[in-house]
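Hello,

Here is the structure for your files. My notes on the sheet and the helices around the strands follow below it.

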Amino acid sequence: MKQILMLLSNAFDPDPRVHREARALVDAGYQVTILCWDRDRKCQAEEVVDGIRLLRVYVDSTHGRGASQVVYLAAFWAKAFAAGRKVTFDIVHAHDFDTLPLGYALARWKGTKLVYDSHESYVDMVHTLPGVIRTAIWHAENFLLKRADLVITVGDILKEFLQGRGARNICVVGNWQDPEQFVFAEQELAAERERLGIRPGQKVIAFIANLGAERRIPELIAAVSQTPDAFLILGGNGPGAEQAKAAAATCPNIAYLGYVQPQRVPFYTALADIVFYGFDPANPNARFSAPNKLFECLAAGKAMLTGDFGEIGRIVREMQCGVIIPDYDVARIRAAIEGLCGEVLSEYSRNARRAAGERYSWPRAAEILLANYPVVMPCPK
């Protein structure tokens, strides 16, 4: 078997995109080991999940440290390099820039091929860091982009951006979902609606993700609280969690689920009529945005409600599968929710389901991944 060493800067508990890619490669006959960073020592040091071998490196830290994270990242690289040298592999597959220098070092040491999987524009994601650090990241990524044997990314806009910076062989493996994972028995959905207190005829809006400050949760809560025929399901951790919890305690048409396990997200997406996605258009990464929420929405055949930015705005407009609002004004969100009804809502749902079936599904993304992987190593099967 051809052996792949994946590198990941989280604990894989699990990371949905990395999990899907690794499973597709295992199913195709590759042997996959994921060497990852457990900052909280919350997972086993070694285990096997779905045929994927997991090796975790423990370096105590937290997410969101800012510039001081560089010290902890360097410690992770050092420990992971030592651990990686003990692993047999033919290909190094680095997920995101924070594992790319490590991947390059391991590939050079072993004399193997290097795959760079860019989940987002990393330098824009860390836009709050000091300029000197961002400049160093920019130049380091440009250097390594030219030396990767294959670059994988999440959308066409980011693909063009990376090509302009020197990426050679590059393909899009989107955060697309498998529609079959979003099908549930109606009685199961009805029982959960009753448990949450959703009245017959109420439109259900769902947003289950990290409830960061940029997600526009306050505006969404305010809009739904003024719309009695709508019901909002919120889930996730983050700065907005306390506000979501407080809103659920005072508004009869808002429910807060707390943290939702990734495998449970499809169920609540299937239960909804509308999927909301809020993001700050001023964020430098907004121009590339192709989030999981969009493709969960398509796979479940639901209408999307979002802003006009990035890949998400382009796809919603092109596929005619939802409403794009120019800003997150409370009155504008409320008007959009009220307008999503009857045949309009049904048409957007049909278009979303069609988009997933014809183009944006995980089986199609897996085909693209496996079609491009022979650039670095022929498929074993």
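**Sheet and packed helices**

Leu-305 has Val-323, in strand E14, as its bridge partner. This is a predicted model, in which local features need pLDDT of at least 70 and side-chain atom pairs count only at pLDDT 80 or more, while totals for chains, interfaces and linings use all residues. Residues are numbered from 1 along each chain as its sequence is written, and side-chain values use heavy atoms, with hydrogens and water left out.

Strand E13 (residues 303–307) runs parallel to E14, and four bridges join them. Strands (E, at least two residues) and helices (H or I, at least four) are DSSP runs, numbered from the N terminus; two strands pair if DSSP finds at least two bridges between them.

The open sheet has six strands, ordered E11-E10-E9-E12-E13-E14, with parallel pairing. E11 (254–256) and E14 (322–325) are at the edges with a single partner strand each, so one side of each has no neighbour in the sheet.

Helix H11 (residues 292–300) lies across E9 (203–208), E12 (274–277) and E13, at about 160 degrees to E13. Angles run from 0 to 180 degrees between N-to-C directions, with axes fitted to C-alpha atoms, for helices over the stretch in contact; contact means heavy atoms within 4.5 Å.

H11 also packs with helix H12 (residues 310–319), at about 25 degrees and with the axes 10 Å apart. Leu-294, Phe-295 and Leu-298 of H11 make the contact with Ile-312, Ile-315 and Val-316 of H12.

Regards
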